[in-house]
Amino acid sequence: MDIKDYTLDDFIVKELGPRRVKSPLKLSKKRGDGIFNYIQDGERILFDPSINSIEYYEQSGDLPISFEKAGPKEFIFFEPSKTKVGIVTAGGLCPGLNNVIRGLVMQLWYRYGVKRIIGFKYGYEGMVPEYNHPYVELNPQVVETIHSRGGTILGSSRGKQDISQIVDTLEILNINILFTIGGDGTLRGAHAIVEEIERRGLKIAVIGIPKTIDNDINFIDKSFGFETAVSIADRIVRDAHNEAKGAYNGIAIVKLMGRDSGFIAANVALTSLEANYVIIPEMYFTIEGLVRNLIDRLKHRHHALIIVGEGAGQYFFKDENVERDPSGNIKYKDIGLFLKEKIKEHLTAAGIRHTIKYIDPSYIIRSAPASPIDSKFCNLLAQNAVHAAMAGKTDAVVGYWNQNFTLLPIPATVRERKRINLESELWWNVLETTGQPPQMI
């Protein structure tokens with residue numbers, strides 16, 4: 001990501017029209033009275049608050065990149081008593097989905113007085129008549145305890161659906177606001193829905209809540225589910241380390257989720273402090289380079305723990321058939337099993353006695369309930385999503401940047417994925433912690 005490829009205009013959020021309805025939230029318009037203030041138009045969060053960045057913009061004369069600050073407005077677009085809301089969860093499972101659903105319903109019902117809320121079953125499929133999935137009436141009684149469960153009470157699915165039929169459904173049901181909870185593919189679908197809504201001249205707000213364990217959505221410090229994923233993976237990595245130490249020249253390989261970004265693998269290495277090698281999709285390595293380092297470690301320590309992101313090393317499979325999932329994503333080959341076989345092959349050829357254990361906890365992690373920190377984060381995302389939608393914001397996603405909740409246009413967030421910069425402090429921290437060389441080639 002090169003921020004110089006963007007301008008401030010890329011981060012201006014769309015609005016459905018003038019806000020003329022007084023918000024039911026009793027907040028303040030002045031500082032110092034001990035009451036939270038309404039968020040004013042023009043309040044923005046700098047992308048880069050560093051002195052170097054400020055000096056750059058002063059010299060260039062350009063306006064610095066900034067994001068709209070999320071939060072409640074004094075005047076809103078929709079009249080709560082006449083507003084009807086739809087909620088959909090799409091894509092893979094992720095810790096915190098039920099927490100977000102609950103947060104949306106509770107905020108709409110109790111804070112804004114919106115009492116007509118429906119959930120669409122099984123992702124965007126639930127908005128297409130041919131699937132005949134039933135709608136779910138959502139209220140505080142239905143969602144009261146769902147935050148203690150993993151998964152999503154609405155179900156989910158992958159795959160593209162007919163956008164025209166989806167908007168037909170919104171029209172037929174008189175939906176005013178649609179909340180889409182999902183990752184990159186879900187957000188792209190939400191943007192396509194907005195384009196069809198605009199083509200028809202409708203006044204329907206679409207707000208996305210970013211869901212991805214991989215934490216790879218651009219211009220967002222973290223997405224919900226990531227903290228939980230790291231927490232669960234940390235325990236698994238610690239146990240894997242015990243497996244490795246329990247045998248002479250024991251090697252444990254743990255494959256963690258991360259299709260194109262290695263944030264889970266990197267952060268688990270920093271929390272567990274047990275990994276000796278971390279291999280992520282952003283890096284290039286060779287089997288020979290890895291094994292050469294591994295042999296040297298086994299000579300001195302007689303055990304090793306390797307963490308590998310699921311999208312790492314896919315260039316090893318370039319000559320194999322490419323398969324895709326219903327969303328069009330390439331189905332990645334199992335790099336963990338590949339590493340196990342290749343390491344075994346090389347160590348056996350070198351006459352080195354060893355034991356290898358391979359662990360893939362992916363689906364256990366993504367279907368788990370949210371951790372306390374993630375649960376809090378999910379609820380705050382939901383509250384800010386409701387504030388944005390009631391104010392008539394649309395084609396936007398709720399983000400988090402520099403310890404502030406933000407609103408971002410969906411197109412800016414899905415233009416490219418967030419990835420680890422191998423020259424960043426995060427990756428340097430990983431190398432310092434594991435002791436692995438900067439390159440294994």
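# Spaces, a sheet and a buried helix

Glu68, Lys69, Ala70, Gly71, Lys73, His387, Ala388, Ala391, Lys393 and Leu407 line the largest cavity. This is a predicted model, in which local features need pLDDT of at least 70 and side-chain atom pairs count only at pLDDT 80 or more, while totals for chains, interfaces and linings use all residues. Residues are numbered from 1 along each chain as its sequence is written, and side-chain values use heavy atoms, with hydrogens and water left out.

**The cavity**

- On a 1 Å grid over the protein atoms alone, a cavity is a set of points where a 1.4 Å probe fits but cannot get out; lining residues have an atom within 4 Å of a point.
- Searching the whole structure gives one cavity of 30 Å³ or more.
- The volume of the largest cavity is about 40 Å³, where a volume is the space filled by probe spheres set on the points, and grid points are joined across faces, edges and corners.
- At least two lining residues of the largest cavity come from each of strand S4 (66-69) and helix H11 (372-390); helices (H or I, at least four residues) and strands (E, at least two) are DSSP runs, numbered from the N terminus.
- The lining of the largest cavity has four nonpolar, two polar and four charged residues.
- In these classes, Ala, Val, Leu, Ile, Met, Phe, Trp, Tyr, Cys and Pro count as nonpolar, Asp, Glu, Lys and Arg as charged, and the others, Gly among them, as polar.

**The pockets**

- A pocket is an open set of points with protein on both sides within 12 Å along at least five of seven lines.
- The largest pocket has a volume of about 1200 Å³, and 45 residues line it, with Gly92, Arg158, Arg259, Asp325 and Asn329 nearest its centre.
- Helix H4 (163-172), helix H5 (184-199) and helix H10 (362-366) are the elements that give two or more residues to this lining.
- H5 gives the largest share, six residues.
- The lining of the largest pocket consists of 13 nonpolar, 13 polar and 19 charged residues.
- The second largest pocket has a volume of about 410 Å³; 15 residues line it, and Phe263, Lys418, Arg419, Asn421 and Ser424 are the closest to its centre.

**The sheet**

- Four strands form an open sheet in the order S12-S13-S11-S14, with parallel pairing; two strands pair if DSSP finds at least two bridges between them.
- Strand S12 (277-279) and strand S14 (355-359) are the edge strands, each pairing on one side only.
- Seven bridges join strand S11 (residues 250-256) to strand S13 (residues 303-309) in the parallel sense, and Val254 has Ile307 in S13 as its bridge partner.
- Helix H8 (residues 287-301) packs on the sheet and touches S11, S12 and S13; contact means heavy atoms within 4.5 Å.

**Helix H7**

- Helix H7 (residues 263-272) is largely enclosed by the rest of the structure because seven of its 10 residues are buried.
- Buried means under 20% relative accessible area, exposed over 50%, and partly exposed in between (1.4 Å probe, protein chains only).
- The buried residues are Phe263, Ile264, Ala265, Ala266, Val268, Ala269 and Ser272.
- They pack against helix H6 (226-245), S11, S12, S13 and helix H13 (425-434).
- Leu273 follows H7 and has a positive phi, near 60 degrees.

**Gly328**

- Gly328 lies in the loop between S13 and helix H9 (335-349).
- With a relative accessible area of 33%, Gly328 is partly exposed.

How values were computed:
Axes are lines fitted to C-alpha atoms, for helices over the stretch in contact, and angles run from 0 to 180 degrees between N-to-C directions.
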